[in-house]
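Please consult the sequence and the structure shown below.

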Amino acid sequence: MMESIYMDYAATTPLDDAVLDAMLPWLRSEYGNPSSPYAAARKVRAAIDEARAQVADAIGAGPSEVYFTSGGTEALNLAVKGVAFAQRERGRDHVVVSAVEHRAVLEAAAFLERQGFAVAHVPVDRYGVASAEAVAEAMRPTTALVAVMHANNEIGTIQPVEAIGRLTKERGVPFLVDAVQSAGLLEVNVDDIGCDLLAVSAHKLYGPKGVGALYVRRGTKVEPLLHGGGQERGLRAGTENVAGIVGLAAALRAAVANRREAALALTALRDRLIEDIRRRVPDATLNGHPTRRLPNNVHFSFPGINGESLLMNLDLAGVAASSGSACTSGSLEASHVLLALGLPKEMAAAGLRLTLGKHTSREDVAAVADIVAETIHRLRGRAVAAARILHGE
Ligand code: PLP
């Protein structure tokens with residue numbers, strides 16, 4: 001079978017060999033339960049403590065502010081619902097989220113709405129930016145939480161989180177930042193951002209799937225969602241995913257060490273891919289901010305092209321790409337992110353996201369630009385031929 005070119009690093013990344021090596025002992029031989037009272041278990045506990053310190057260090061936090069979860073989705077659910085429930089006791093029942101958040105945040109907020117909270121969705125500009133002014137406008141005296149992601153998973157737009165952090169601090173409202181897409185590629189420091197909660201996920205930065213972490217600033221009240229054995233200082237019960245936690249720490253440390261060079265290299269490849277596609281398909285429109293975007297994100301709309309058949313044809317031609325968010329790709333459902341940019345419904349269902357990573361080469365970029373352009377031209381040719389037949393020409 002032909003080897004396909006992987007351009008979907010925003011959906012997930014391959015596991016790094018060094019990360020796998022760091023994880024293996026905790027799967028193979030070190031099986032003690034970290035909560036047990038004997039030496040073998042203390043060794044496992046020490047591995048978790050070390051991983052916690054490493055994750056904390058990577059984001060400029062203290063170890064006691066890091067809680068391990070089963071991934072980004074759980075970290076975000078814990079933050080959104082846990083903070084809202086804790087704040088309700090203080091009479092706060094209003095949650096502010098940007099319109100372009102990941103579904104983990106939007107659906108958690110929708111759940112809160114069903115529990116009697118009011119939810120405000122902050123509109124974005126045509127590049128997908130939720131400004132601090134727009135966030136300020138959405139806030140009320142009863143706002144319990146503000147959630148604005150660091151960088152968008154579909155269109156790559158980087159949000160002005162530092163400005164929003166200053167605003168929320170001034171108003172004394174907890175601020176949640178989803179750094180799932182950014183942690184491997186951009187500087188992420190909780191004090192520089194000024195957030196109170198921040199979520200990361202291992203499988204977006206060459207770590208394993210099913211493990212993530214939530215940073216909670218000291219003093220921020222969060223109600224647990226999982227009750228049980230009191231692990232993670234009572235905030236997230238359940239026997240720890242030791243190998244996953246060690247893998248997350250190893251992956252995050254490696255990402256931080258290589259971030260600057262990786263971002264520079266990816267930006268050059270990204271801009272080349274954008275330029276190549278634009279040259280070959282002049283009416284292609286780039287979605288997201290032209291410069292304030294993730295170094296590995298390319299996202300286009302092509303007028304008159306059906307997004308689903310584009311992805312299918314790219315798959316047949318050996319390109320693994322996506323329409324944007326992994327859970328809606330393969331269906332014609334319009335993307336909430338593209339709709340929030342103001343794109344008409346047909347265009348919002350026809351996006352193409354190409355995301356690059358550490359194994360992407362210049363040859364891959366050139367080949368994908370060729371394949372995308374040829375596929376678009378072929379699909380358009382077919383549409384013209386079909387229209388001719390329809391009109392009896
Ligand atoms: N937030 C963003 C921005 C994401 O891209 C994703 C993954 O697609 C998530 C949250 C969910 O993370 P996980 O897959 O670890 O549950």
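Which of the 13 residues around the ligand come nearest? They are Gly-72, Thr-73, Asp-178, Ser-201 and Lys-204, where a residue is near if one of its heavy atoms lies within 4 Å of the molecule. This is a predicted model, in which local features need pLDDT of at least 70 and side-chain atom pairs count only at pLDDT 80 or more, while totals for chains, interfaces and linings use all residues. Residues are numbered from 1 along each chain as its sequence is written, and side-chain values use heavy atoms, without hydrogens and water.

**Ligand surroundings**

- The side chain of Thr-73 has an N or O atom 2.6 Å from an oxygen atom of the ligand.
- The side chain of Asp-178 places an N or O atom 2.7 Å from a nitrogen atom of the ligand.
- An oxygen atom of the ligand lies 2.8 Å from a polar side-chain atom of Gln-181.
- Of the 390 Å² of accessible area that the ligand has on its own, the protein covers 86% (Shrake-Rupley method, 1.4 Å probe).
- The shell around the ligand has 8 polar, 3 nonpolar and 2 charged residues, with Gly counted as polar.

**Domain contact**

- Domain 1 comprises 5–12 + 259–390 and domain 2 comprises 17–254, with bounds from an automatic or database domain assignment.
- The C-alpha centres of domain 1 and domain 2 are 29 Å apart.
- Each domain brings 33 residues to the contact (heavy atoms within 4.5 Å).
- About 2700 Å² is buried between domain 1 and domain 2, and carbon and sulfur atoms give 54% of this area; buried area is the accessible area (1.4 Å probe) lost when two parts are put together, summed over both.
- Arg-259, Leu-294 and His-336 supply 26% of the area that domain 1 buries against domain 2, more than any other three residues.

How values were computed: A polar contact is a pair of N or O atoms within 3.5 Å; within protein, one must be able to donate a hydrogen and the other to accept it, and residues adjacent in sequence count only if both atoms are side-chain atoms.
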